[in-house]
Each structure stands twice: as structure tokens, then as C-alpha cells.
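The sequence and structure come first.

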Amino acid sequence: MPVSSSELFAPSLGASVERTSTRNCWSRAYLRRIVMLDVIVGVLCSVAAAMIRFSDGFIETQYYWTVPLVGLVWPGALAMANAFEQRYLGVSSEEYRAVGRAVLGMLALLAVWSFLTTAQLARVYVLVLMPLLFVGGLVTRRYMRHWLASKRSQGQLMQRTVVVGRADAAASLVRSIKHEPQQGLLPVAVCTSGMDTDWDATSSIEGVPVMGSPRDAIAAADLYDAEVVAVASHPDLAGKALRRLAWALEERGVELIVAPGLLDVAGPRMSIRPSNNLSLLHVERPSHATRSVFLKDIMDRSLAFLLLLALSPLLITVAFLIRFTDPGPVFFKQKRVGVRGEIFYIYKFRTMCVDAEKRLEALRAKSEGNGVLFKMKDDPRVTKVGKYLRRYSIDELPQLLNVLFGDMSLVGPRPPLPAEVEQYEPDALRRLHVRPGMTGLWQVSGRSDLSWEESLRLDLRYVDNWSPIGDLHILFRTFRAVTHSSGAY
């Protein structure tokens, strides 16, 4: 039965427990380390810039105090750029963008300082210092994220979270939270409505105890000393009711997270549009503008050309091994479906015997794939050299030619076979809105171990949210996945 907003959040679970000193301990631990590292990075970058400027070993006197000053000012510039905002720590790309803003702030500060005083810093010193600070800031945050993720994978530095909403939405949100421990949320209680039966002391959702209805959210937060209340999409938790919940949590220093119910829409595509009576969530269209596609194409072809040059000795060696260990061609050519349904030929190093296609039907019943894609861990058609090429994904490298020719991208959905496209449901056809890629979200998020539905969801998420920075991140994860490879894609 729906409850009125005036009834919501009444403390019906008894007296609240005393606040503990552990509230937000994870953010304090994170901030202590990252500020200390930023100070060290500032000093080291300043020293390196001075040594590069004064290569003769003689450093002017004014730089003796400039070096430690940069170490102190750099964390201040980062703070002014919101690099230490708690909601961004460890989870948002905004933490990286803040480094760029801090570098621009430092540059402006040095310009104003030089204008207002007689002190002049060497231009070479400044030109070297800024890129060093930018790279140092990014590396520091990358390292700290890895540290935080390792702690959270062990169940440490988590935020106790009360999930509020209808049973189905709350269950989905709990599953999502548990699937991504790097978000740092630990569900400790659920306040829900719409359960099949009345809740009691033994009720639970996804292994998390149910502690009442949505009106009991504040009492549950007090009882469990929660640091976060996560509200799933719910008609009873909107307008005045949600505002009153926010007020009550503000008094307790508890964060409020609201799940809007939008699937796989990345943060940069969402913004708040203010209105007189309420705030509207504006969802931008995916980055399919001509300029964005052009920049992605330039980046893809440039990197593909450089990689072909750098890997040419390896490619030649592999070609010789294939040619002289098994009769048949060096390359395997196959029809694939590209952007907007265009057909192209994909190139790979041949890892199977020459009659592999003819033997496919006899092996299809033994497929270990996800229902649409044929996969077989111990495929008898794979040659001896092919096993090693597949293990480290070296057989995929000739696809750099496809990228250079414009048929593929470095990052994108997997290039499907025409027979696979014939089985696509309407949603899956959206994969063809962008160029297929050598690697993508689903390859670095589980590779062939994922179900078809999950791999499709990740591909569609990429289509709707791709960005140049996101592509570089996927390429980095691909390199890490290949070096720790457990099998072929």
C-alpha cells in the first residue's frame, strides 16, 4: 500500500545508535596518501624541471625556494580544481579532468606572479614543469585507484549503504553494487515495499537483510551507522518525500545516492537542467557528431600506423613461423559486417588448418560459446603455432591493416559474421552504428567467459558512451588483459 510523504522516514525501528568515529575513514585514508604523494610529485617535478633548465649544474638561487614552494602550491591548485572532492575519489573520471584544470591554474598563477613581482622564471623551466605535473598527477591518481581497488576487493574501506526502493528495483541495485566492489558501497540493509510477502526478521533481498519499508530508511541508517543511502527508482520516493529524506540525511552527515533507472548511460552524457519547481536530468545524445567521428578516425589510423611500424619485426617473424610449420597461407581472410552493415574482409594470422571452415559443422555441437558465437577451448583445428598466437592474441595484429584502411577501429564492438547478424534482435543491430574494433569493453571485461546478453550490453554501452579518453583506457586494459591472458577472445 503506498505511503504518504508525511509518513515516510519516521523512526519506527527504535532509538538510533551512537555515531562512530569510523565515518568516512576511507576518504581520510585516501586523502592522506594522495595529498602526500602530490606534495612529493610537486617537489620532484620542480627539481627535474630545474635540472633540465640548468643542465650545466648551476641552479640560480631563486629556484632553491621555488622547488619546495611548488610542492606546496600544487596540492592547493588540485584542491581548487576539485581534485579532492569526496564524491569523485576513486570512481569518477572527473578526478583526472581536475588534474588538467589544476595545471592550467598553476600556469595562470605563475603568469600573474611573474607580472606582479620582479622575479622571473625561465620559460624552459615552466614549459617542462607543466607537462611533468600533468603526467605526475595522472599517475598518482591511477596508482591510488589501484590501491583503493585492492583494499576494496578485500572488503576494506567500504561505505555502509542502506538501499531503499521497491523490491525489484532494490534487488537490481544491490546486485549492481555487489558486482562492482570498486564503487566502495557495502549494502547492509534494505528498506523496501512491494515484496511478495510481509517482511519479518528473517527477510532478505540478495542476501541483505530487510529492515522495514521506505519510511524506515532513517532509522535503518541510524541503526547500521550507514554512510550512504541509495534510493532506487520508486514512485513513493520522489518530490517532497525525497527532499525530506535528503534533509534528514544531511543532519546526520550521510550521503544520498539516487539511481535514476537509466541503463548504461555514462556520467558525461547526463547533466542537471534547472527548473522552477524541480531539477530535470538532461541526457545528451551519443557522440556520433561528424567532428567526434573524424577525430576518432584520425587517432585510430595514426596509432595503427605507428603500431605496425613498431611491431613489424614481430609480424615478419610470425609470418615465417606460420609459413614453414604448416602448409597454407599466412593470413586468414573472412567476411565481416562493419559500420552500417557494410561488408569487409578481416585479416588475421592463420591459426587453424586450411580446411577449418569445412570441419566447423561437425564441431558445432561441442561449442562452449554463448549461444551466438562458436567457441571451443581445445579446438582440434588449431595448429601448434596457432595456440601460442591465440594465447597472447598475436593473431589479431594484422587487423591493424583493417584499422589503417578504415574498415575497423582500434576500439569498438566485435566485428560480427554475416550469419551472426542474421540472428540479431532489433537491439543488437545498434552495434552497427559504429565501426567494429580490435578490442572493446566486453573483451576486457571477461572476454569469451561472458554470456551473449552481457557482451551485447557492454557493446551497446560502448556505442552510446564512447569517448577518446575511454578508448585509451580500454586499450590500456587490453594490454593488461593480453599480458595476463588465459585464452583467446
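## Gln399

Gln399 lies in helix α11, which covers residues 399–405. The model is a predicted one.

## Helices α3 and α4

Two packed helices are described by the angle between their axes and the distance between the axes. For helix α3 (residues 94–116) and helix α4 (residues 123–153), the angle is about 155° and the axes are 10 Å apart. Angles over 145 degrees count as roughly antiparallel, and α3 and α4 are therefore roughly antiparallel to each other. The crossing of α3 with α4 is right-handed.

On the α3 side, the contact is made by Glu95, Tyr96, Val99, Gly100, Val103, Met106, Leu107 and Leu110. The α4 side contributes Val126, Met130, Leu133, Phe134, Gly137, Leu138, Arg141, Arg142 and Arg145. Sorted by class, this contact of α3 with α4 holds eleven nonpolar, two polar and four charged residues.

## The chain overall

The chain contains 15 helices and twelve strands. Of its 489 residues, 43% are buried.

Among contacts between residues at least 6 apart in sequence, 70% join residues at least 24 apart. The accessible surface of the chain is about 26900 Å², and carbon and sulfur atoms account for 60% of that surface.

How values were computed:
Residues numbered from 1 in each chain as written. Predicted model: local features only at pLDDT ≥ 70, side-chain atom pairs only at ≥ 80, totals over all residues. Heavy atoms only, no water. Helix = DSSP H or I, 4+ residues; strand = E, 2+ residues; numbered from the N terminus. Buried < 20%, exposed > 50% of the residue type's maximum accessible area, 1.4 Å probe, protein only. Contact = heavy atoms within 4.5 Å. Areas by Shrake-Rupley, 256 points an atom, 1.4 Å probe, with all protein chains shown as cover. Axes fitted to C-alpha atoms, helices over the stretch in contact; angles between N-to-C directions. Parallel < 35°, antiparallel > 145°, perpendicular 65-115°, else oblique. Left-handed = near helix turned anticlockwise from the far one by under 90°. Nonpolar A, V, L, I, M, F, W, Y, C, P; charged D, E, K, R; others polar.
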